[in-house]
Amino acid sequence: LFPNPGAWSALKELTITMEKTGISLVDLPHAPSLRKLTLDTGVTTEIPDSIPEHLFPNLAYLACPYQLLPLFLPANARKQRPIRTVRLNRAYFDPNGEAKDSFTPAHIPDWDDVRVALASLPRSAGPVVNLAFYCEWFDAETFPSEIVDNVKTLEQLVIVLHYDPEDVSDH
């Protein structure tokens, strides 16, 4: 599948659409120099149970679906990855000052699911300074308590909501 795994050792940045390639994260070769990883798994891609610690040990930028974040920052890791930028569910802030996403209604994650994934942020050896995520709705009262240590280190926070905040008064 990977004809020259040695070339992966020098790789600094990687973007993979897992659904189109049919490969699994656990099949990827060791990439010790990789600093930026963007994963688009698609809705039918199988989420692995774990991601081996030796994969991407120097990862500083991670863009992925929320389900994968805890796999990159597992509670039982001997050494955590130094992730400083997290972009979940394709949420980002462009230089023109607009929050962006590229979701269709079938792919909008629920706040409670995203919140559980965000609970792994304090485990980063980073610390996380840039955070962006996209979800159905957002509960501002529970957010800081989930990642209390990281709120202090955040330099940029982008939250992209599916619903207009004025329309979610019942949440």
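This section describes the sheet, the helix packed on it, the nonpolar cores and selected loop residues of a predicted model.

Residues are numbered from 1 along each chain as its sequence is written, and side-chain values use heavy atoms, with hydrogens and water left out. As the model is predicted, local features need pLDDT of at least 70 and side-chain atom pairs count only at pLDDT 80 or more, while totals for chains, interfaces and linings use all residues.

An open sheet of 6 strands is found, in the order S1-S2-S3-S4-S7-S8 and with parallel pairing. Helices (H or I, at least four residues) and strands (E, at least two) are DSSP runs numbered from the N terminus, and two strands pair if DSSP finds at least two bridges between them. The edges are formed by S1 and S8 (156-161), each of which has a single partner strand, so one side of each lacks a neighbour in the sheet. From one strand to the next, the twist averages 5°; axes are lines fitted to C-alpha atoms, for helices over the stretch in contact, and angles run from 0 to 180 degrees between N-to-C directions.

Strand S1 (residues 13-17) runs parallel to S2 (residues 36-40), and 5 bridges join the two. Glu13 has Lys36 of S2 as its bridge partner, and Thr17 is partnered by Asp40 of S2. The pairing of S2 with S3 (residues 61-64) is likewise parallel and comprises 3 bridges. Here Leu37 stands opposite Leu62 of S3.

Helix H3 lies across S4 and S7, at about 155° to S7; contact denotes heavy atoms within 4.5 Å. Within H3 (residues 111-118), the residues Trp111, Val114, Ala117 and Leu118 are buried, a term for under 20% relative accessible area, with exposed meaning over 50% and partly exposed in between (1.4 Å probe, protein chains only). These residues are on the same side of H3 because they cover an arc of only 120° around the axis, the arc being that of the directions from the helix axis to the C-beta atoms.

A nonpolar core is a set of buried Ala, Val, Leu, Ile, Met, Phe, Trp, Tyr and Cys residues joined through side-chain atoms within 4.5 Å. The largest such core holds 38 residues, of which Leu37, Leu39, Phe56, Phe72, Leu118, Leu131 and Phe133 touch the most other members. At least two residues of this core come from each of S1, S2, S3, H2 (69-72), S4 (85-88), H3 and S7. The greatest contribution to this core, 4 residues, is that of H3. Apart from this core lies another, of 6 residues, including Ala91, Ile108, Ala132 and Val160. When residues up to four places away in sequence are not counted, the contacts of Phe133 include Leu88, Trp111, Val114, Leu118 and Ile159.

Phe56 is placed in the loop between S2 and S3. Although not a glycine, Phe56 has a positive phi of about 55°, and it is buried, with a relative accessible area of 0%.

The loop between H3 and S7 (130-135) contains Pro127, which is joined to Gly126 by a cis peptide bond with omega about -10°. Ser120 is found in the loop between H3 and S7 and counts as buried at 1% relative accessibility. Neighbours within four places in sequence aside, Ser120 is in contact with Leu69, Pro70 and Leu73.

Cys64 is buried at a relative accessible area of 3%, as is Cys135 at 0%. With a disulfide defined as a pair of cysteine sulfur atoms within 2.5 Å, the count comes to 0 disulfides.
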